[in-house]
Amino acid sequence: MKQATQIKTKIRFVTAASLFDGHDVSINIMRRLLQAHGAEVVHLGHNRSVEEIVNAAIEEDAQGIAVSSYQGGHMEFFKYMYDLLREKGAGHIKIFGGGGGVIVPEEIRELHEYGINRIFSPHDGRELGLDGMIKLMMAECDFSTLHTLNGELSHFDTGHKGSVAKLITLAELNDEAPAEQAGTLAKAVKARKEARKTPAPVVGITGTGGAGKSSLTDELLRRYLLDFEDQHVAVLSIDPTRRRTGGALLGDRIRMNALNNPRVYMRSLATRESQSEISEALDEAIDICQAAGYDLILVETSGIGQGDDAITRFANLSLYVMTAEFGAPTQLEKIEMLDFADLVVLNKFERRGSKDALRDIRKQVWRNKGAPANDAPESMPVFPTIAAQFNDLGVNALYIELLKRLNEIRGQTPFSPGQGGEGGKSAGAKTGSDPFAPATSHRSAAPTAPSRKPWCPASASATCLKSPKACAATTSGPSSSAPSRPNWAPPTACCRIWATSRPRRLRTSKKSTTTPRSSGCASATTSCWANSTAPASTNCAPGPSCRSPTPPPKTSTRSEAVKSTSPTTP
């Protein structure tokens, strides 16, 4: 195993495979070697554009970018990356790349002359080896991104993400930062926070490793951005540091598809020497984001064990994400976060055994709350979700409950927006206003019959409109012409005709048999037999013999016949 390179500062790299590249095998090898040499690697995965890579490098305050490019468009790709970094005021970030034999020596010389720091070729691999290539990259990026705080403090807001990134980097230095710089930062952050009337609420998302925290965070973030067009969100994501090498894989950006938005800032943090699932600089990073003017802060921790609950000290609202693979139900009694989490999420609910796990988790949360007699286990805030599924109903329910809890934190009346998800903005949300203020919603109005829409039939009763369960049994009605998200209480099911308002359809037996007529009904018509309540007539006597014919004799079943012929057992 490679030994960690001796470095003066913490080196951060952003790694990715270029746009339209078919695979990320090469860059995966390089970023693993970078981690083994002590670098903190923010990995973006494959098929990433220049703008995504540059924005990530600026927000992460990285010293270097490493990209593999085998798609043939490397000349334009690397030159545009170089130009965009300088356009955004981040010309200090080094650029490294490689493409095997796809990038020929003449093109490598041209890219080097343009300003690209190093394009590695197969010849470099033979001469230096992989280990030598990584050492060269680490040596060129061994510098601090912090030069002075004057410019950063004067542009300390949501519109200058690079300044926010550098201040968080300064906070990560802890006691290693110069006393003068640390004091200046503390005063600036305090003044900015005091200028804001209410600080941005902090939502902490924690859970076991591999439970889908990043995917769930991305789904909640995407819904929030769709609903509130004037809100800015900061995402602080924490991943563990490898104690032996000091390197770290900061890979939460791979699952975060909603980050390509000017109203979102994301910073990945490593745990470093904290010996915990959070970074020692988390509290300062939260203060910086609040002082910068962000309206909501999402904090995602690294994977935790049964006894960890550190996020509860920093978050106003905490979510615990888990899966059904927790073992026996007795293991739930050991999970500390089931005591303190405001919301519990059972993600990957499509997996086998999830329904049983949901029942056990709800019972355990109910016991942890003292088994209140006025509450049932089913009423506990435990949400089954499939974060990897488009417009998942469980994530929609979790998102609506999250907004209600955020309202309570702000001390305002909670509201219930409509179905959060696709097809437009979530109903009930107010565009261009405070997202935590009470919104105009059909559910917050007085309990009167909702207004009937043109696509709702006139025969649909008010009960049907207010109760989707009352309409679920029917299959008729113009549900296909109704919009998927109407502006009044229930969705498309309530546009259907209430089942009880239609006459029931009588079930008929598959085998039609003729009822034998009794002796007193020889002249009875067919209508008499079909309707026992038909009025008396000359052809249909009202007597009981006509309407209650003698039933046919009961025939013995095959099993009874076998029993009768079987010998008697002594």
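V41 is buried, with a relative accessible area of 0%; buried denotes under 20% relative accessible area, exposed over 50% and partly exposed in between, with a 1.4 Å probe and protein chains only. The model is predicted, and local features need pLDDT of at least 70, side-chain atom pairs count only at pLDDT 80 or more, and totals for chains, interfaces and linings use all residues. Residues are numbered from 1 along each chain as its sequence is written, and side-chain values use heavy atoms, with hydrogens and water left out.

**Surroundings of V41.** V41 lies in strand β2. Helices (H or I, at least four residues) and strands (E, at least two) are DSSP runs numbered from the N terminus. Leaving aside residues up to four places away in sequence, V41 touches F13, T15, R31, L34, Q35, A248, L249 and L250, where contact means heavy atoms within 4.5 Å. T15 is 26 residues from V41 in sequence, and the C-alpha atoms of the two are 6.9 Å apart. L249 in β8 is the bridge partner of V41.

**The sheet.** Strand β2 (residues 40-43) runs parallel to β8, and three bridges join them; two strands pair if DSSP finds at least two bridges between them. Both belong to an open sheet of six strands with parallel pairing, in the order β5-β4-β3-β1-β2-β8. The edges are formed by β5 (118-120) and β8 (248-250), each with a single partner strand, so one side of each has no neighbour in the sheet. From one strand to the next, the twist averages 20°. Axes are lines fitted to C-alpha atoms, for helices over the stretch in contact, and angles run from 0 to 180 degrees between N-to-C directions.

| Element | Residues |
|---|---|
| Strand β5 | residues 118-120 |

**The whole chain.** The chain has 18 helices and 13 strands. Of its 570 residues, 47% count as buried. Among contacts in the chain with a separation of 6 or more, 72% involve residues 24 or more positions apart. The accessible surface of the chain is about 28500 Å², and carbon and sulfur atoms account for 51% of that surface; accessible areas come from the Shrake-Rupley method with a 1.4 Å probe, and for residues only the protein chains shown count as cover.
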